[in-house]
Amino acid sequence: MDKSVSQQNQKTDGLEDTMGGDGFVARSVQRLVDGAEKLNLKHSAVGNPPVFETDDFPWAREVEAEWRLIRAELDTILVRKGELPAFHEISSEVRSISSDQNWKTFFLCGYGIKSEEAIRQCPQTWRILQKIPGLKSAMFSIFEPGKHLPPHRGPYNGVLRFHLGLIVPDAPDKVGIRIDDQTRHWREGEALIFDDAYEHEAWNHSDQVRVVLFVDFEKPTRFPANLTNKAVLNMAVFTPFIREGYKAHKAWEKLFYGEGQKHR
């Protein structure tokens, strides 16, 4: 059964409000975002379940079919896994849920910003990502052994999340994700599509690394939500956390592809 508006909480205790802030402009933006969220729920073209069937999005099967090409490029990245940044070092808004070195990321694109260096290093992955309509962000998400993300909610319900299992320990009792009241387990080469506006938590309690291709894409909506949703998503590039994340990532790239490369 589809979830109602009242069951999709608009705020999560303990999670920084990345779309908000102080001042008249920030409050005005927040009112726009709150209104857009209500429209997204009312005019969703795919319903509002916490977890979607993969076949609800035909392109997902096309991505699954080429997963080994993505995995091959991931393997070249993991050779230097120790040099990859922790997620909170790039995206400061996640510090309230993760501040250790056990959630690493390799960023490809996000809300109007691209990493040209990463795209050059992962050309097949980038080609395959173009199959996803409304692609907003993409990265490799790496959970080290023992990592547990506490319950949280994404900042805005105008996107859906796509995970493609790339390296998944064979320990479903120790590795998984809960979205609302559903617990799911990643599998290598398989997609998991969910709405991160619902409370969710994820864990890797195994003794091996877990990696997924982590993508946000625009939630399919009908008029007028399709217009307001695009407007909100297009504003994201101007928000402080995206600008700060861009600067942090460029600084990391300079080390990884510059000085770090010279010492290899």
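Begin by selecting T54, R184, E190, A191 and L192, which lie nearest the centre of the largest pocket, a pocket lined by 14 residues in all. As you look at them, keep in mind that this is a predicted model. The space within the largest pocket comes to about 270 Å³.

Next, colour the secondary structure elements that build the lining of this pocket, where α2 (58-65) and β9 each supply at least two residues. The largest share of that lining, three residues, comes from β9. If you then colour the lining of the largest pocket by class, you will find seven charged residues, five nonpolar and two polar.

From β9, follow the chain onward and select D195, which sits in the loop between β9 (191-194) and β10 (200-204). Is D195 buried or exposed? Its relative accessibility is 0%, and because buried means under 20%, D195 counts as buried.

With D195 still selected, show its surroundings, leaving aside the neighbours within four places in sequence, and you will find that D195 is in contact with Q8, P49, P50, F52, V159, L160, I179 and K219.

For the last stop, display the side chain of D195 and the backbone of A197: the side chain of D195 reaches the backbone nitrogen of A197 at 2.9 Å.

Notes: Residues numbered from 1 in each chain as written. Predicted model: local features only at pLDDT ≥ 70, side-chain atom pairs only at ≥ 80, totals over all residues. Heavy atoms only, no water. Helix = DSSP H or I, 4+ residues; strand = E, 2+ residues; numbered from the N terminus. Buried < 20%, exposed > 50% of the residue type's maximum accessible area, 1.4 Å probe, protein only. Contact = heavy atoms within 4.5 Å. Polar contact = N/O pair within 3.5 Å; in protein donor to acceptor, adjacent residues only side chain to side chain. 1 Å grid on protein atoms, 1.4 Å probe; cavity = no way out; pocket = protein on both sides within 12 Å on 5 of 7 lines; lining within 4 Å. Points joined across faces, edges and corners; volume = space filled by probe spheres on them. Nonpolar A, V, L, I, M, F, W, Y, C, P; charged D, E, K, R; others polar.
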